[in-house]
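Biologist: Show me the model, please. I'd like to go through the labels one by one and hear what backs each of them.

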Protein chains: 2
Amino acid sequence: MTIKEIAALAGVSSAAVSRYLNGGYISDEKKEQIKKVIEETGYYPSTQARILRTKRASLVGVVVPKINSESISRITAGIGQVLAARGYQMLLASTDNCPEREVEYLKLFENYPVDGIILIGTMITAEHKKFLKGSKVPVVVIGQYTKHANCIYHDDYGAGKAMGRLAASLNQASGGGHIAYIRVTREDKSAGAAREDGFRAGLKSAGIELSGDYVRLSEFRTESGYNAALSLLEEKPDIDIISCATDTIAAGAIEALHVFEKHAPNSRRVTVTGFGDNQLLKAVTGGIPTIHFGYKTSGIRGAELLLDVIERGEKIPVEIKLGFRLVNGEEE
Amino acid sequence: MTIKEIAALAGVSSAAVSRYLNGGYISDEKKEQIKKVIEETGYYPSTQARILRTKRASLVGVVVPKINSESISRITAGIGQVLAARGYQMLLASTDNCPEREVEYLKLFENYPVDGIILIGTMITAEHKKFLKGSKVPVVVIGQYTKHANCIYHDDYGAGKAMGRLAASLNQASGGGHIAYIRVTREDKSAGAAREDGFRAGLKSAGIELSGDYVRLSEFRTESGYNAALSLLEEKPDIDIISCATDTIAAGAIEALHVFEKHAPNSRRVTVTGFGDNQLLKAVTGGIPTIHFGYKTSGIRGAELLLDVIERGEKIPVEIKLGFRLVNGEEE
DNA sequence: CTGTTAGCGCATTCAG
DNA sequence: CTGAATGCGCTAACAG
């Protein structure tokens, strides 16, 4: 079904049909004829061809590292909210934590009918930079700092520091065990480097040094957190706090704790902390100390930023840093 | 940058460039010239226009009800795996549990450059049926049974029945409290109707009837499960089992239990069960009785089904029902 | 208000 | 092997 066929069936020109579709001038009489034919045939214009002409898709592409994440879903919820209100639709591309596929999908979107791209980033590689510099469509980055695009990120360093301070005070109150930290790759500047550095700084402000053998590396998965925490518990019996770079990892640490306590019933009491304020974790555990970031807000701001560029050609570079809130930090 | 400009710069025809790009006959000499120009300009052909011509996008669209779900991410992981292996990319559209937006995105994909669509459905409305019948591109439905498209679904009824049996035996072992069920909307034939009906059937096979005032309705959210469970606990002190239609809801029920036990310290011991085998929940709780569905498998099968239709024009309608496994059902 | 016309960027005949 | 020409389905001037 093409616009031409509809035009022929209705006995008008294709331009008339186009106008009917897009609300241009057209007589009521022809309007009726066209309407009838379209209803009969179930015709639906090709978005495809329309975009080739108009260069406007009313669509934005969002590249995310993974699908199954509360933080990311909160960000996309914020994005979706703004987009829907302004007549845009949203398409997602998940890369499964693979930076190469990230660039692949960025390119896909660039040469696709999207008006703009939002990248929820894990790490900004050289390839990323290259893309950001040369992109034909506007891009905003959420969750990572970069000077190559408009970006909106969270105060991971500050959050880490706050958590470090909390860990120090919990540690002192409980009377001197050791603090452990489960980190993620430092290639991720936000969740990796910034949180860890902040955490160390927070400890240091209380006179505590985080020694290397109390630090473990984990992937962004519960299972990986479980392994990291278990190795810590087995090798270092004097641990009383395990701080984890994400709540997902913290869940694994809690699991490890359960398992470990079965084998060593009267071992030291250990506190697990996280980052991200995962709701499911909060529900089930009653709430561990964690950091609440304004994920939904960053999604909202990010989408607004993008639409400003798309619709008004806003050229001034913008960097937004969003704060955080320490959760369940007072109780213990 | 268009193919024409590249052609001009390289001193050849646009057709030559096109052939270069797509591996047609071309002399090494011209190949070199074109290669050079493309590298200099960073030219990238418009996927857009290419698809308008070829009608082939090497892309499939997946419509999902929400992003933040382990079951859905397992399905999309399966889909993505197959697609990647066969040279396709995947785009996601999330509808936030809103059936109307579901149809909207289906239409978007239909008129977009995708070769096929996978719908991970919650409910099949009349609008859905209409779409499935008339769709220009092949569609497969995962997670719901429908006769209007190739579909692949899980044995929710059987799973419900197994859970009902388990609940009955737990109940009898503990000596006669009441069983409660937190359901989801029956408009969702799988997670709603089938699981509930199966659950009732399972109970009945042990001679137990599920009475209406021990049933609550919940949304697909932890918070909603919390509210439902709390109202149950407060109104029915004789409950000893709360079975929930999803693990997400079960997390809320566990939270409610914690809260309730604080107020009523020596209340009856209550077991919470779920469906879906959520890994985070398992980690933190040590594992409640739940059902493991082959979500990843259904994603794999679904993608294979779709590609068969796309690439080989497979016409025979297919319905696949996948089994399940009861998890943590033996311990108690 | 309306039809005719000319492309959007590309792949693909068809003659060379 | 190659270039000129055609058209995918649609919208945007342009003259009526």
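Biologist: In which order do the 4 strands of the open sheet in chain A stand, and is the pairing parallel or antiparallel?

Modeller: The order is β7-β6-β8-β9, with parallel pairing. This is a predicted model, where local features need pLDDT of at least 70 and side-chain atom pairs count only at pLDDT 80 or more, while totals for chains, interfaces and linings use all residues. Residues are numbered from 1 along each chain as its sequence is written, chains are lettered from A and ligands numbered from 1 in the order in which they are written. Element names come from DSSP runs numbered from the N terminus (helices: H or I, at least four residues; strands: E, at least two).

Biologist: What makes β7 and β9 of chain A edge strands?

Modeller: β7 (215–217) and β9 (271–273) of chain A each have a single partner strand, so one side of each lacks a neighbour in the sheet. From strand to strand, the twist averages 20°.

Biologist: How do you know that β6 and β7 of chain A are paired?

Modeller: Pairing requires DSSP to find at least two bridges between the strands. β6 (residues 178–183) and β7 of chain A share 3 bridges in the parallel sense, so by that rule they pair. Within this pair, A:Ile182 sits opposite A:Arg216 of β7(A). Helix α10 (residues 222–235) of chain A packs on the sheet, touching β6, β7 and β8 (239–244), and its direction makes about 160° with that of β8(A). Helix α11 (residues 247–263) of chain A lies across β6, β8 and β9, at about 165° to β9(A).

Biologist: Why are α2 and α3 of chain A called roughly perpendicular?

Modeller: α2(A) and α3 (residues 28–41) of chain A pack at about 90°, their axes 10 Å apart. The pair is therefore roughly perpendicular. A:Ala16, A:Val17 and A:Tyr20 of α2(A) meet A:Lys30, A:Lys31 and A:Ile34 of α3(A), where contact means C-beta atoms, placed from the backbone, within 7 Å. By class that contact has 4 nonpolar, no polar and 2 charged residues.

Biologist: Which angle do α1 and α2 of chain A make?

Modeller: Helix α1 (residues 3–10) of chain A packs on α2(A) at about 105°, with axes 8 Å apart. These two are therefore roughly perpendicular as well. Among the residues making the contact are A:Ile3 and A:Ala7 of α1(A) and A:Ser14 and A:Val17 of α2(A).

Biologist: How do you know that the two chains are related by a two-fold axis?

Modeller: A rotation of 180° with 0.1 Å of shift along its axis puts chain A on chain B at RMSD 0.2 Å. That is a two-fold relation.

Biologist: What makes you say the copies meet through the same surface?

Modeller: 100% of the interface residues of chain A are interface residues in chain B too, so the surface is the same. The contact takes 42 residues from chain A and 43 residues from chain B. On the chain A side, elements giving two or more residues include α4, α5 (70–85) and β2 (89–94). That side has 19 nonpolar, 20 polar and 3 charged residues.

Definitions and conventions
Axes are lines fitted to C-alpha atoms, for helices over the stretch in contact, and angles run from 0 to 180 degrees between N-to-C directions. Two residues are in contact if their C-beta atoms, placed from the backbone, lie within 7 Å. Ala, Val, Leu, Ile, Met, Phe, Trp, Tyr, Cys and Pro count as nonpolar, Asp, Glu, Lys and Arg as charged, and the others, Gly among them, as polar. Copies are superposed by least squares on the C-alpha atoms of residues with pLDDT of at least 70 in both. Angles under 35 degrees count as roughly parallel, over 145 as roughly antiparallel, 65 to 115 as roughly perpendicular and the rest as oblique.
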